[in-house]
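Here are some friendly notes to read with the structure open beside you. Take the points in order, and find each place in the model as you go.

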Amino acid sequence: MSKTYKIAILPGDGTGPEVIREGIKVIETAAEKNDFKLDFTDYDLGGKRYLKTGEILPDSVIEEFKKFDAMYLGAIGHPDVKPGILEKGILLKLRFELDQYINLRPVKLYPNVETPLKDKKSEDIDMVIVRENTEGLYTGAGGFLKKDTLQEVAIQESINTRFGVERCIRYAFKLTQNRAKNNKLTLCGKTNVLTYASDLWQRTFNVVAKEYPQLTSDYVNVDAACMWFVKNPEWFDVIVTDNLFGDIITDLAAMIQGGMGVAAGGNINPEGVSMFEPMGGSAPKYTGLNIINPIATINAGAMMLEIIGESKAAKDIDNAVIEALESGKIKSMSAGKMGLSTTEVGDLIASLLH
């Protein structure tokens, strides 16, 4: 009897439902090919629900999510909702409440995908960024003193625990070992300025590195990392970093791999339920036009299958995406310039799975 996985679907706002539809189409095809089943449950979390009911993310829904094998997200963000309300109330809350302490970002330049980096090819841009996802500046620690006066003080605190840092670093070392590409893990921080937080990261990194003598471990300051991403991305294999620096360098990485149209990510709890999503936002101006690129969401679906244990199906999707791009039928990664509609891109990749 084939195995069945329970997947929570969060289509979200804007173009989210459009891309998640194509993602589901592709992962269902991969599941059928590899003899397992996917049982989907939809959740209407996002801007529309908030504007209608004032409700963002009920605690009861978080408890429901814990019973799923994975979560699949389209996009969160509504033009009629003040920035930060949905992002903090849904995305950050899910990461914290479900302890999704790893943000995993594969950075891969696919064939026939344009990169702004001159003379760089697919073999030059192939890395993974492991970002700590539940600590640092994103814990919300801090406050105001004398707000809205000329003497106002704003304090934002970066919270880093040995427990949180070490489990992230250990995940990165294991990933580097299993990936078996260049067998190199790079710590990205700012030890020359952040002499407490980055020092904790560096010391912990050095301790864990001794358990992996077969791997090469090195260090780069975050500003230098941004420079080398552009000049020599081929230097990097796996990178581990904190929450803020990870947030910044993953966006830079998305651009060098061809843009948000192909960039996918996962919010991982290795011991619990994880959530997978395209890196792009809800793109309200493209909503309903059927011109948004669904490849990032399809790639996120492949990541999801990989993490839940269906590696063969994940690889099949990756190969189908490569074949679709090599075919030349998809002219660009930009919305409205693909030469195909959102639906047609999904159809093409699904057809290549058969």
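1. The lining of the largest pocket takes at least three residues from each of domain 1 (1-103 + 261-353) and domain 2 (115-257). Please keep in mind throughout that this is a predicted model. The volume of this pocket is about 790 Å³.

2. Which residues lie nearest the centre of the largest pocket? They are Pro-106, Arg-179, Met-303, Glu-306 and Asp-318, out of 23 residues in the lining. Two or more lining residues come from each of strand 4 (102-108), strand 5 (126-132), helix 5 (162-179), helix 9 and helix 10. Helix 9 has the largest share, with five residues. Sorted by class, the lining holds 14 nonpolar, three polar and six charged residues.

3. Pro-106 deserves a visit of its own. You will find Pro-106 in strand 4.

4. Now step back to the two domains. The protein is divided into domain 1 (1-103 + 261-353) and domain 2 (115-257), and the contact takes 15 residues from domain 1 and 16 residues from domain 2. Taken over C-alpha atoms, the domain centres are separated by 24 Å.

5. How much area is buried between domain 1 and domain 2? The value is about 1,300 Å², and carbon and sulfur atoms give 58% of that area. On the domain 1 side, look for Phe-96, Tyr-101 and Asn-103, which supply 44% of the area that domain 1 buries against domain 2, more than any other three residues.

6. Next, go to helix 11 (residues 342-351). Which of its residues are buried? They are Thr-342, Val-345, Gly-346, Leu-348, Ile-349 and Ala-350. The buried residues of helix 11 pack against helix 1 (16-33), helix 9 (295-307) and helix 10 (311-326).

7. Ile-330 lies in the loop between helix 10 and helix 11. Why is Ile-330 called buried? Its relative accessible area is 5%, and the label applies because buried means under 20%. Setting aside neighbours within four places in sequence, Ile-330 is in contact with Ile-295, Ala-324, Leu-325, Met-338, Leu-340, Val-345 and Leu-348. By contrast, Leu-137 is 193 residues away along the chain from Ile-330, and 39 Å separate their C-alpha atoms.

8. Helix 4 (residues 85-97) has its own buried residues: Leu-86, Gly-89, Ile-90, Leu-91, Leu-92, Leu-94 and Arg-95. Just after helix 4 comes Asp-99, with a positive phi of about 50°.

9. Finally, some backbone angles to check. Most residues other than glycine have a negative phi. Asn-112 has a positive phi, near 65°, and sits in the loop between strand 4 and strand 5. Asn-112 has a relative accessible area of 55%, so it is exposed, the cut-off being over 50%. Lys-146 also has a positive phi, near 55°, and its place is in the loop between strand 6 (142-145) and strand 7 (153-156).

Note on methods. Residues are numbered from 1 along each chain as its sequence is written. This is a predicted model: local features need pLDDT of at least 70, side-chain atom pairs count only at pLDDT 80 or more; totals for chains, interfaces and linings use all residues. Side-chain values use heavy atoms; hydrogens and water are left out. Buried means under 20% relative accessible area, exposed over 50%, partly exposed in between (1.4 Å probe, protein chains only). Helices (H or I, at least four residues) and strands (E, at least two) are DSSP runs, numbered from the N terminus. Contact means heavy atoms within 4.5 Å. On a 1 Å grid over the protein atoms alone, a cavity is a set of points where a 1.4 Å probe fits but cannot get out, and a pocket is an open set with protein on both sides within 12 Å along at least five of seven lines; lining residues have an atom within 4 Å of a point. Grid points are joined across faces, edges and corners, and a volume is the space filled by probe spheres set on the points. Ala, Val, Leu, Ile, Met, Phe, Trp, Tyr, Cys and Pro count as nonpolar, Asp, Glu, Lys and Arg as charged, and the others, Gly among them, as polar. Domain bounds come from an automatic or database domain assignment. Buried area is the accessible area (1.4 Å probe) that two parts lose on being put together, summed over both.
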